[in-house]
Amino acid sequence: MTALELARLRLSEDRDVFALRRLGRAAAELAGLEAQDQIRVATALSEVGREVVGAGTVAVFTLEAEELRVTIEHLAGTRPAGRESLALAGRLVDDATAAEGRITIVKRLPGRLPGLPADQIRERLAQLAPVSAMEELRQQNQELAATLEDVLRLNAELQETNRGVMALYHELSAELEETNRGVVALYAELDEKSTQLRESAEAKNRFWATVSHELRTPLSSIIGLVRLMTTADGEPLTEEQERQIRFIGNSAETLLALVGDLLDLAKAESGRLLPELAPVDVEDLVRHLHATMQPTSDVVLRTEVAPAAAEVYTDETMLVRVLRNLLSNALKFTREGEVRLDARLDEQAGQVVITVSDTGIGIAEEDLDRVFEEFFQVPHALQVKARGTGLGLPYARTLVRALDGQLDLASTFGRGTTVTVRLPVRHGPPEIGRLLIADDDQGFRELARRMLYGIASEVDEAADGVEALELMAVRRPDVIVLDMLMPRLDGNALLQRMAEDERLKEVAVVVVTVAPGKAARDHPVLSKHELRREQFLDAVREAARGRRA
């Protein structure tokens, strides 16, 4: 739409400013603006018009693309409009600008064309009669009174709205307070339940330990008496008597082994089962197991140890118990075929991988998650007339975890089972005494623990900075591996607390984070993305050496 001129007015005298105001209000009305906008346009024009009035000053009203534009041109010698008047006009209309010899006032129309054609608007503006100062003042007073009424009405509406907002605020505050009380009560209940569970677990461990100790003595006595009765120096026994006595002895030995497993399981759950690390000849250990395990005539036991996996630095007693448990289960539930034990080295993961597989009855898919529950027995085990205690796999997994390893099970019903044990490679005694991993990512903590196996004699874990401080207050670590982005207390705040503590300021620090740019200075910093074991261990060693230096 091209610009259409609606009216033109000369501003030679002060009274012409009244005509400019009246003309601006009428033009805004005919252009389709609301009453409040009409007053705004008129006031803006009077504010800037009275400062540039003089010979040669002309105001031109034009109608352009959805906007009413008033251009006031004045001679170069005429004083320009002041900043205050322009600022006031700018608050009343959409745009108020001043250039050399020209002031432009713009008011956008409400998204539609004027109700009258431009030529009719021009005619009506031309018919406006001259107005006196008194008449214009009367008109302004009427506009002011109308505006004041609108303000009072809006103020009443605002007060009513405020009362509603305050009522809603009080209602929400009451609901929030009630919710907070519920949350506090829930936390208290959870804390109580947590205490009860902890006490229950401790009571269970004490029970197993007490029962195990109390059963060992009579069982050992039974085994000793059976051996005494079946030796050549004892009184002669009939064949049936000897068979029954040997059955009693075998049952007592089975019970004694079960008692030992229960005791070790209780120790492991209470954190008191600590491995005694030493070099272990895997090939010799597997050879001994092959010689002592007795498969049936229809089952073949095969073993193979790769040369690279012939030695591992771990607890030999624990490893023997794990493999004996796994082989015993495999032989017990395999009617025909073979049971295999293979050991190999996974160089990329830095682990010795020991696999025990069989061609036995297998485990149904719905039971795979339950086989690691204490005392759970696979329902279809009766098919081979073999029953266990339900402690073998839970006990084996507990021991493997104590060795900082991982035990996984895969099985197909009717086709066999494969159990995989992964142990980190060790090449000598630990280089660091105690190490703490502080990270809210449990998956990373488990990965870091596996990577650090063999470097530190003890590894603690904390899910955030507050828990890390609590652990360090009890047992100070030699090295802490921490993430900078942790809840409750982040890495930077944790480092600050450590620097202020005489006991902790000498602890070596390794930072592992997803955002290396936010990491602290003066410490080795590693990115979690594609973190390699060698790189991680080098950083830990470097930090430990710096602390000792």
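# Reading one predicted chain

Student: Where does arginine 434 lie?

Tutor: Arginine 434 sits in strand 13, residues 432–438. Helices (H or I, at least four residues) and strands (E, at least two) are DSSP runs, numbered from the N terminus. This is a predicted model, so local features need pLDDT of at least 70 and side-chain atom pairs pLDDT 80 or more, while totals for chains, interfaces and linings use all residues. Residues are numbered from 1 along each chain as its sequence is written, and side-chain values use heavy atoms, without hydrogens and water.

Student: How many helices and strands does the protein chain have?

Tutor: The protein chain has 13 helices and 17 strands.

Student: Is arginine 434 buried or exposed?

Tutor: Look at relative accessible area: buried is under 20%, exposed over 50%, partly exposed in between (1.4 Å probe, protein chains only). Arginine 434 counts as buried because its relative accessibility is 15%. Across the 549 residues of the protein chain, 41% count as buried.

Student: Which residues is arginine 434 in contact with?

Tutor: Contact means heavy atoms within 4.5 Å. Setting aside neighbours within four places in sequence, arginine 434 is in contact with Ser457, Glu458, Asp460, Arg475, Arg476, Pro477, Asp478 and Val479. Its side chain also joins that of glutamate 458 in a polar contact of 3.0 Å. A polar contact is a pair of N or O atoms within 3.5 Å; within protein, one must be able to donate a hydrogen and the other to accept it, and residues adjacent in sequence count only if both atoms are side-chain atoms.

Student: What share of the contacts with a separation of 6 or more joins residues 24 or more positions apart?

Tutor: In the protein chain, that share is 68%.

Student: How many salt bridges does the structure hold?

Tutor: Side chains of opposite charge can pair when their charged atoms come close. The cut-off for a salt bridge is a side-chain nitrogen of Lys or Arg within 4 Å of a carboxyl oxygen of Asp or Glu. The structure holds 28 of them. One of them joins aspartate 346 and arginine 422, with the closest N and O atoms 3.3 Å apart. This pair links distant parts of the chain: aspartate 346 is in strand 9, arginine 422 in strand 12, and 76 residues separate them. Salt bridges that share partners also join Arg434, Glu458, Asp460 and Arg475 into one network.

Student: What else surrounds arginine 422?

Tutor: Beyond four places in sequence, arginine 422 is in contact with Arg344, Asp346, Gln351, Val352, Val353, Gly405 and Gln406. Its side chain makes a polar contact of 2.9 Å with that of glutamine 351. The C-alpha atoms of arginine 422 and leucine 407 are separated by 6.4 Å, and the two residues are 15 apart along the chain. Arginine 422 counts as partly exposed because its relative accessibility is 22%.

Student: Which salt bridge does aspartate 94 make?

Tutor: Aspartate 94 meets arginine 108 through their side chains (3.6 Å, N to O). Aspartate 94 is in the loop between helix 3 (83–92) and strand 4 (95–99), arginine 108 is in strand 5 (residues 102–108), and they are 14 residues apart. Aspartate 94 is partly exposed, at 32% relative accessibility.

Student: How many residues are in the largest nonpolar core?

Tutor: A nonpolar core is a set of buried Ala, Val, Leu, Ile, Met, Phe, Trp, Tyr and Cys residues joined through side-chain atoms within 4.5 Å. The largest has 41 residues; Leu285, Leu326, Leu327, Ile354 and Val421 have the most contacts inside it. Elements that each supply at least two residues of this core include helix 7 (282–292), strand 10 (351–358) and strand 12 (416–424). Helix 8 gives the largest share, nine residues. Apart from this core lies another, of 36 residues, among them Ala27, Val70, Leu92 and Ala96.

Student: Which residues form a nonpolar patch on the surface?

Tutor: Patches take residues with over 30% relative accessible area and no salt bridge, joining like charges within 9 Å and nonpolar side chains (Val, Leu, Ile, Met, Phe, Trp, Tyr) within 5 Å. Val183, Leu186, Tyr187 and Leu190 form this patch, with about 400 Å² of accessible area together. Areas come from the Shrake-Rupley method with a 1.4 Å probe; for residues, only the protein chains shown count as cover. Leucine 186 lies in helix 5 (residues 133–230) and is partly exposed, at 45%.

Student: What is phi of arginine 488?

Tutor: Phi of arginine 488 is near 65 degrees, a positive value in a residue other than glycine. Arginine 488 is in the loop between strand 15 (479–482) and helix 12 (491–500). At 64% relative accessibility, arginine 488 is exposed.
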